[in-house]
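Please read them with the sequence and the coordinates open.

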Amino acid sequence: ALPRPTQAWLLGHRWSSIAGSWIQPALEAVYDRWRGASRFPGAGDAALRRLAEMDPARGRALAIDEIRTGARGLAPETLTSLLGESVPDLDEALRQRYRAARTEESQWATMELIARYGSARLLPLVRVEIDRDPSCPLEAAALAYLLEHDPPPALRRLQPGFDRHRSGMCVVPPW
């Protein structure tokens with residue numbers, strides 16, 4: 001029942017004083033009601049992190065569902081930090097999530113997930129998007145993906161002589 005900033009503060013910075021098996025239903029409730037903005041982690045992100053600590057299998061399942069759907073608007077750094085090993089068969093879900101993104105912010109958030117969890121099968125999508133001269137955050141995520149799956153074009157974009165003066169393009173290397 002606390003305000004969301006207070007929930008996030010308690011779950012992030014005062015966890016040791018409230019941790020216990022009794023809190024899992026409250027964490028589930030915070031997570032279930034969370035609808036955030038993926039730019040900034042909030043109470044839902046903190047709740048998922050704590051759920052993953054308490055019940056790794058449940059936390060993994062919730063994280064994979066959020067990666068697939070984006071329904072709760074969790075921050076990419078939350079979702080990329082929870083799953084240590086690769087997650088098979090996310091390519092089509094990530095492709096659909098990217099195509100359904102209506103804002104630059106949701107495109108960037110999904111490209112971050114593609115960079116972390118996407119296979120080489122997503123290379124055509126990433127190439128098209130980076131050729132559109134994206135914003136800095138989107139370019140940075142696409143470059144991270146390309147460095148793993150197709151390094152030469154990524155390395156060219158990071159060279160000092162790369163022409164970054166076209167309209168709409170990030171004017172400095174995004175890293």
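Which residue forms a salt bridge with R95? The note takes this up in point 4, after the basis of the model and its overall make-up.

1. Basis. This is a predicted model, in which local features need pLDDT of at least 70 and side-chain atom pairs count only at pLDDT 80 or more, while totals for chains, interfaces and linings use all residues. Residues are numbered from 1 along each chain as its sequence is written, and side-chain values use heavy atoms, with hydrogens and water left out.

2. Overall make-up. The protein has 11 helices and 0 strands; helices (H or I, at least four residues) and strands (E, at least two) are DSSP runs numbered from the N terminus. The C-alpha trace spans about 55 × 30 × 25 Å along its principal axes. Of the 175 residues, 44% count as buried, where buried means under 20% relative accessible area, exposed over 50%, and partly exposed in between (1.4 Å probe, protein chains only). Among contacts (heavy atoms within 4.5 Å) between residues at least 6 apart in sequence, 62% join residues at least 24 apart.

3. Core. The largest nonpolar core holds 41 residues, of which I67, L94, M111, I114, Y117, V126 and Y145 touch the most other members. Such a core is a set of buried Ala, Val, Leu, Ile, Met, Phe, Trp, Tyr and Cys residues joined through side-chain atoms within 4.5 Å. At least two residues each come from α2 (15-18), α3 (24-33), α4 (43-54), α5 (56-69), α7 (91-100), α8 (104-117), α9 (123-131) and α10 (136-149). Helix α10 gives the most, with 6 residues. Beyond its neighbours within four places in sequence, L94 is in contact with I67, T110, L113, I114, Y117, G118 and L122.

4. Helix α7 and the opening question. R95 forms a salt bridge with E92, the closest N and O atoms being 3.1 Å apart; a salt bridge is a side-chain nitrogen of Lys or Arg within 4 Å of a carboxyl oxygen of Asp or Glu. Both residues lie in α7, 3 residues apart, about one turn of the helix. R95 counts as buried at 17% relative accessibility, whereas E92 is partly exposed at 41%. The buried residues of α7 are D91, A93, L94, R95, R97 and Y98, and they pack against α5, α8, α9 and α10.

5. Other salt bridges. The whole structure contains 8 salt bridges. In α4, E53 and R50 are 3 residues apart, and their side chains meet at 2.8 Å, N to O. D150 pairs with R127, with the closest N and O atoms 2.7 Å apart. D150 lies in the loop between α10 and α11 (151-158) and R127 in helix α9, so the pair ties together parts that are 23 residues apart in sequence.

6. D45, in helix α4, is buried yet has no salt bridge; R49, the nearest side chain of opposite charge, is 5.6 Å away (Lys and Arg count as positive and Asp and Glu as negative; His and the chain ends are not counted). E129, in helix α9, counts as buried at 11% relative accessibility. The side chains of E129 and Y98 are joined by a polar contact of 3.0 Å, that is, a pair of N or O atoms within 3.5 Å; within protein, one must be able to donate a hydrogen and the other to accept it, and residues adjacent in sequence count only if both atoms are side-chain atoms.
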